[in-house]
Amino acid sequence: MPRAPQRHHRRWLRPAAVAAAALTAWTAAPSAAAPLPPDGTRPAHCSRIDAAKVPGASHQQAYCLDELTTAGTVASGHTDPADWAGLTPEGLATPRGVPGIQIDGYFPDTSTTNTNHGWNHDSQFVIRLPDHWNGGLVVSGAPGVREQYANDRAFGDWAVSQGYAFAATDKGATSATFHRDGEAPGDALAEGNHRVTQLTRAARQVVARRYQRPPSRTLAMGMSNGGYLVRWQLENHPELYDGGVDWEGTLWRTEGPNLLTFLPPALRHYPAYAAGGAGAEQAHRAMEAAGYPAGSEFLWPFHHQYYWDLTQRIYREELDPEFDGATEAGTPFCAPGTPACDADYAYADRPGKVRKAVAKIALTGRIGKPLISFHGTYDVLLPISRSSDVYARLVRREGRGHLHRYYRVEAGTHVDSLADAFPGRVRPLVPCHRSAATALERWLDHGVRPPSSRALKLPEGAGPEKLLTHCPLNG
């Protein structure tokens, strides 16, 4: 049997850091914190900073900031732009004028892949407490294998500008070697669910201490793997939340579909399609059959180069490490028939223990609180027909359809930065998040149900500026 990659004993562990993603600007963070004036009085946004202690944290640092959005935190060193690189359109507006308290820290965890702050410690979190609080709390986990600031531009800025307290976690798993964590396959992914639950409980207490009353509304929000976390939380811990917004969440199902079932066909058939010739038409049909829709072909080269192979390999290493025994991300884009090549990976033929690993993170559709989901029809990393379409059916099958709204956004893809590369052909999803969040607020506060689940057509003649701000849920 091929040698499996070494895993480290559980207790939410991971090995020494290999990614060079340290936030060098963080060394300036203490000078960015607001100093006390000569008379010893505190600025307004330092009020009750001493009470803002995070229960269960091993380490934490609180800062009084004049600006909690990225309009200020980039310069002050209280975020890391590398965490969100490529996730949002260039022209996304940045709100300003949000003073408050920021708390950075980490929970107990002996793994060290997250190098933010120079801490070399995982299970890092950020909590932001705006002076002008609306009574609510937004909690999120990072997409992909990114770190705790990954959602800052996509919706963290929006949340604090609306008056929400905002909390985010790195999920205890960062970098392309996250799969080395844990005692058994699936443990590293399951840790992400634990970390969001842990942060939610802690952040609710922090909010209550800071504002001297508990949050009136707690919302889970996330994109991609973060959207998966929203679904899992509302299925397994609905008591902690009032509702959630799921942005193109990843689907994990024990019998499929999951990304281990639809990424290998892309690796297998795309090279023949790209080469043209006699086999191109047959390869194109195979790509469509695997879930990659007609009309999205212009996005396939980018995803072949940057996403498909890496994503397949690191998640397969986590859930099925014995397939080839590799300890790194593997050789990219190997040809069909090559030994130990993920293009030939067949989930249906793998041993039952692989499904046992997936079962640790599998979704059921049994949500216990209102959830709004949206997903782009041109998502060719997590094809909509193999992910969110399936999840919406699961929710209905479980009799929870009254708690769910699902919007299929025409021409949306997985990362909004591609809207800049293909203006007019790719629709950014960030305005759909704003519409979904607003609709969820009305649903919770006033009982106004959002428009029924539907396709949101690409507006005819809409230019890039309108698409960046316009996504009505009534279609």
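Leu129 of this predicted model has contacts, beyond its neighbours within four places in sequence, with Ala52, Leu68, Gly100, Ile101, Ile103, Ala165, Val206, Val207, Arg210 and Tyr211. Leu129 is also among the residues with the most contacts inside the largest nonpolar core, together with Ile127, Trp252, Tyr292 and Trp308. That core counts 121 residues, and helix H5 gives the most to it, with 10 residues. In soluble globular proteins, nonpolar side chains tend to be buried together.

Across the whole chain of 475 residues, 59% are buried. The chain holds 15 helices and 10 strands. Of the contacts between residues at least 6 apart in sequence, 78% join residues at least 24 apart.

**The sheet**

An open sheet is formed by 10 strands, ordered E1-E2-E3-E5-E4-E6-E7-E8-E9-E10, with mixed pairing. Its edge strands, E1 and E10 (454–456), each pair on one side only. On average, neighbouring strands are turned by 15 degrees against each other, direction ignored.

| Strands | Sense | Bridges | Opposite residues |
|---|---|---|---|
| E1 (residues 59–65) and E2 | antiparallel | 7 bridges | Leu65 and Gly100 |
| E9 (residues 404–409) and E10 | parallel | 3 bridges | Arg408 and Ala455 |

Strand E2 (residues 100–106) has 7 of its 7 residues buried, so this strand is largely enclosed by the rest of the structure.

**Helix packing**

Two packed helices are described by the angle between their axes and the distance between the axes. For helix H5 (residues 187–211) and helix H10 (residues 308–319), the axes come within 8 Å and cross at roughly 95 degrees. This angle falls in the range of 65 to 115 degrees, and H5 and H10 are therefore roughly perpendicular to each other. Asp187, Ala188 and Leu189 in H5 meet Tyr315, Glu318 and Leu319 in H10. By class, this contact has 4 nonpolar and 2 charged residues, and no polar ones.

**Backbone details in loops**

The loop between E2 and E3 contains Asn120 and Ser123. Asn120 has a phi near 50 degrees, a positive value in a residue other than glycine. Ser123, which is not a glycine either, has a positive phi of about 65 degrees. Asn120 is partly exposed, with a relative accessible area of 39%, whereas Ser123 counts as buried at 0% relative accessibility.

A cis peptide bond, with omega about 0 degrees, joins Gly256 and Pro257. Pro257 lies in the loop between strand E7 (243–247) and helix H7 (259–275).

Note on methods
Residues are numbered from 1 along each chain as its sequence is written. This is a predicted model: local features need pLDDT of at least 70, side-chain atom pairs count only at pLDDT 80 or more; totals for chains, interfaces and linings use all residues. Side-chain values use heavy atoms; hydrogens and water are left out. Axes are lines fitted to C-alpha atoms, for helices over the stretch in contact, and angles run from 0 to 180 degrees between N-to-C directions. Helices (H or I, at least four residues) and strands (E, at least two) are DSSP runs, numbered from the N terminus. Angles under 35 degrees count as roughly parallel, over 145 as roughly antiparallel, 65 to 115 as roughly perpendicular and the rest as oblique. Contact means heavy atoms within 4.5 Å. Ala, Val, Leu, Ile, Met, Phe, Trp, Tyr, Cys and Pro count as nonpolar, Asp, Glu, Lys and Arg as charged, and the others, Gly among them, as polar. Buried means under 20% relative accessible area, exposed over 50%, partly exposed in between (1.4 Å probe, protein chains only). Two strands pair if DSSP finds at least two bridges between them. A nonpolar core is a set of buried Ala, Val, Leu, Ile, Met, Phe, Trp, Tyr and Cys residues joined through side-chain atoms within 4.5 Å.
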